[in-house]
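Let's take a friendly walk through a protein chain together. Please have a look at the structure below, and then read on.

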Amino acid sequence: MIKFSATLLKFAEQGEKTGWTYIDVPEEIAQKLKPDNKKSFRVKGYLDDYYFEGKALLPMGNGNFIMALKKEIRKAIGKRKGSMITVKMEADDSPVALDTDLMKCLADEAEAQSFFKTLTPGHQKYFSNWIDSAKTESTKAVRIAQTITAMLLKEDYGTMIRRIKKERQHLNL
C-alpha cells in the first residue's frame with residue numbers, strides 16, 4: 001500500500017462535480033498505483049483508520065486523480081473541508097458485483113452488452129447501483145430497459161440520466 005497525506009478539498013463551481021468533497025491523488029502516486037494508466041480505476045485502503053474498497057479514482061486531465069468522499073465517509077472519519085488525513089491505498093482489482101437481472105437482460109441484447117463491456121467497472125457500477133436502488137420491481141424493470149436503451153445509444157450514465165430528464169420535461173409540456 002502507498003501511504004501519503006492529503007487535505008480534504010471541495011469543488012466550488014465545477015460542472016457535475018460542484019460541491020463534491022474530495023482528496024487529490026498526485027500523478028506520481030497514481031502512477032505507482034496503476035502505471036501508465038490515465039483512466040478511472042478503483043482503489044481500496046484506509047482514510048485514517050476508516051477502511052474503504054471499490055472507490056474510484058477519477059482523472060483530472062493533468063495527470064492527477066481525485067477520490068470523491070461522500071458524506072457518510074466524511075462523517076465516519078470525522079473530517080471536513082480543510083482537514084488533513086492519512087491515506088493508505090492500493091489498486092482494487094477485485095471483480096465488481098453487478099445486478100444479476102441487468103446482466104441477464106444484457107446477455108439477450110448483444111449490441112448493448114458489447115458497449116456495456118467497454119465501460120470501466122466504475123461506470124458499469126453506476127448503472128447497476130441505480131437499478132439496485134429501485135424500490136419496486138416495476139421501477140427496476142423500467143430502469144433496466146432504460147439502461148439497455150442507453151447502451152444501444154452508446155451513452156454513459158450521466159448522458160442517459162440527462163436524456164431521461166429531458167424526455168420527462170418534454171412530456172410534461
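K44 sits in strand β4 (residues 41-47). The model is predicted: local features need pLDDT of at least 70 and side-chain atom pairs count only at pLDDT 80 or more, while totals for chains, interfaces and linings use all residues. Residues are numbered from 1 along each chain as its sequence is written, and side-chain values use heavy atoms, with hydrogens and water left out.

- K44 counts as partly exposed because its relative accessibility is 25% (buried means under 20% relative accessible area, exposed over 50%, and partly exposed in between, with a 1.4 Å probe and protein chains only).
- Beyond its neighbours within four places in sequence, K44 is in contact with Y51, F52, E53, G54, K88, M89, E90, A91 and D92 (contact means heavy atoms within 4.5 Å).
- F65 is 21 residues from K44 along the chain, and 15 Å separates their C-alpha atoms.

**The whole chain**

- The chain has seven helices and seven strands (these are DSSP runs numbered from the N terminus, with H or I and at least four residues for helices, E and at least two for strands).
- Along the sequence, the pattern reads β-β-β-α-β-β-β-α-β-α-α-α-α-α.
- Of the 173 residues in the chain, 38% count as buried.
- The C-alpha atoms fill a box of roughly 45 × 35 × 30 Å, taken along the principal axes.
- Among contacts with a separation of 6 or more, 61% are between residues 24 or more positions apart.

- S128 belongs to helix α5 (residues 121-132), and S128 is buried because its relative accessible area is 0%.
- Apart from neighbours within four places in sequence, S128 is in contact with A97, L98, D99 and L102.
- Q146 lies in helix α6 (residues 137-152), and Q146 counts as buried because its relative accessibility is 18%.
- With neighbours within four places in sequence set aside, the contacts of Q146 are W130, M160, R163, I164 and R168.

**How α4 meets α6**

- Two packed helices are described by the angle between their axes and the distance between the axes.
- Helix α4 (residues 110-118) packs with α6 at an angle of about 80°, and their axes are 8 Å apart (axes are lines fitted to C-alpha atoms, for helices over the stretch in contact, and angles run from 0 to 180 degrees between N-to-C directions).
- That makes α4 roughly perpendicular to α6 (65 to 115 degrees counts as roughly perpendicular, under 35 as roughly parallel, over 145 as roughly antiparallel and the rest as oblique).
- From α4, E111, A112, F115 and F116 meet I148, M151 and L152 of α6.
- By class, this contact of α4 with α6 has six nonpolar, no polar and one charged residues (Ala, Val, Leu, Ile, Met, Phe, Trp, Tyr, Cys and Pro count as nonpolar, Asp, Glu, Lys and Arg as charged, and the others, Gly among them, as polar).

**The largest pocket**

- The largest pocket has a volume of about 1,100 Å³ (on a 1 Å grid over the protein atoms alone, a pocket is an open set of points where a 1.4 Å probe fits, with protein on both sides within 12 Å along at least five of seven lines, and lining residues have an atom within 4 Å of a point).
- This volume is the space filled by probe spheres set on the grid points, which are joined across faces, edges and corners.
- Of the 36 residues lining the largest pocket, A56, L58, K70, G122 and Y126 are the closest to its centre.
- Strand β5 gives the largest share of the lining, nine residues.
- By class, the lining of the largest pocket has 14 nonpolar, ten polar and twelve charged residues.
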